[in-house]
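The sequence and the structure are shown first.

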Amino acid sequence: MAFESLPEKLQNVFKNLRGKGLLTEEDVKNELKRINESGIKVIAHNGKFDYQVLKCTCDTLVVPYWDTMVAARLLNENESYGLKYQYTSKIDSTQEEYNIEKLFKNVQYADVKPEIFALYSAVDPYMTYRLYEYQLPIMESENKIFNLFMTIEMPLVVVVAEMELCGALVDLNYCQKLKEKYESK
C-alpha cells in the first residue's frame, strides 16, 4: 500500500517532519522488522490504525497481539473505549484526561519540537500497557470472552484494516437488519 493512500493531513505531517534529524521510514522499518523477527508481542490501542499507518509509511506489517480498545469494547460495550477514558477510569482516576487537540490547539503538529511531541507520544504506550495489565486477568477469567477476543476479534483487526485500505462495499440495510435481529437475542 502506498504512502499516498494515507489521509492528506497525515501525509503532510510526515513530509514536514522529514529532514529534521528524526528517524526515517527506513529506520523505523528496520526496527519493526527486528521486533517482528524476535517474536515480541505487540500491544496496541486501536491496532487497526497503527497497522495501516505502519504498512503505508514503512511498508511493514505489524500485527497486534492485543488491542486494548477491542478488549475494552468487549468488557463493557456501554462505555467509552477511548484510551484516555479507559486509563483514567480503570487505572488512575487522578490522571487528568487530555487529548492531542487540546494540547496542540491551533498548532501544526509538524511545527512542534520533536522532543515535546515525543513526550506526548510516550504517554500513550505507557497507558496502553497499563490497560493491558488491567484487562488481561479479567479477560482470562471470562473464558468465553477471552476465546472470542483471541480467536475472532484479534484476527479481524488485520482483516478490517486491509478491507479499509483496499475499500469494501457494505450493505448498510442488511447490517441494520442483522443488528436488530441479534440485539433482540
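Which residues does Thr-60 touch, not counting residues up to four places away in sequence? Thr-60 touches Lys-29, Leu-32, Asn-36, Leu-54 and Lys-55, where contact means heavy atoms within 4.5 Å.

## Basis of the model

The model is predicted: local features need pLDDT of at least 70, side-chain atom pairs count only at pLDDT 80 or more, and totals for chains, interfaces and linings use all residues. Residues are numbered from 1 along each chain as its sequence is written, and side-chain values use heavy atoms, with hydrogens and water left out.

## Two loop residues

Thr-60 sits in the loop between helix 3 and strand 2 (66-67); helices (H or I, at least four residues) and strands (E, at least two) are DSSP runs, numbered from the N terminus. With a relative accessible area of 6%, Thr-60 is buried. Buried means under 20% relative accessible area, exposed over 50%, and partly exposed in between (1.4 Å probe, protein chains only).

His-45 lies in the loop between strand 1 (43-44) and helix 3. His-45 is buried, at a relative accessible area of 15%. Leaving aside neighbours within four places in sequence, the contacts of His-45 include Asp-50, Asp-67, Met-69, Tyr-81 and Leu-131. The C-alpha atoms of His-45 and Tyr-129 are separated by 9.1 Å, while the two residues are 84 residues apart along the chain.

## Helix 3

Helix 3 (residues 47-58) has 12 residues and should span 16 Å at 1.5 Å a residue; its end C-alpha atoms are 16 Å apart, which agrees. The expected span is 1.5 Å times one less than the number of residues. Nine of the 12 residues are buried, so helix 3 is largely enclosed by the rest of the structure. Among the buried residues are Gly-47, Tyr-51, Leu-54 and Cys-58. Asp-59, with a positive phi near 50°, follows helix 3.

Helix 2 (residues 25-38) packs on helix 3 at an angle of about 120°, with the axes 9 Å apart. Axes are lines fitted to C-alpha atoms, for helices over the stretch in contact, and angles run from 0 to 180 degrees between N-to-C directions. Helix 2 is therefore oblique to helix 3; angles under 35 degrees count as roughly parallel, over 145 as roughly antiparallel, 65 to 115 as roughly perpendicular and the rest as oblique. Glu-25, Val-28, Lys-29 and Leu-32 of helix 2 make the contact with Leu-54, Thr-57 and Cys-58 of helix 3.

Helix 3 and helix 8 pack at about 55°, their axes 9 Å apart, which makes helix 3 oblique to helix 8. In helix 3, Gly-47, Lys-48, Tyr-51, Gln-52, Lys-55 and Cys-56 meet residues of helix 8 that include Val-157, Ala-161, Glu-164 and Leu-165.

## Helix 4 against helix 8

The axes of helix 4 (residues 68-75) and helix 8 (residues 143-166) come within 11 Å and cross at roughly 135°, so helix 4 is oblique to helix 8. Val-70, Ala-71 and Leu-74 of helix 4 make the contact with Ile-145, Leu-148, Phe-149, Glu-153 and Val-157 of helix 8. By class, this contact has seven nonpolar, no polar and one charged residues. Ala, Val, Leu, Ile, Met, Phe, Trp, Tyr, Cys and Pro count as nonpolar, Asp, Glu, Lys and Arg as charged, and the others, Gly among them, as polar.
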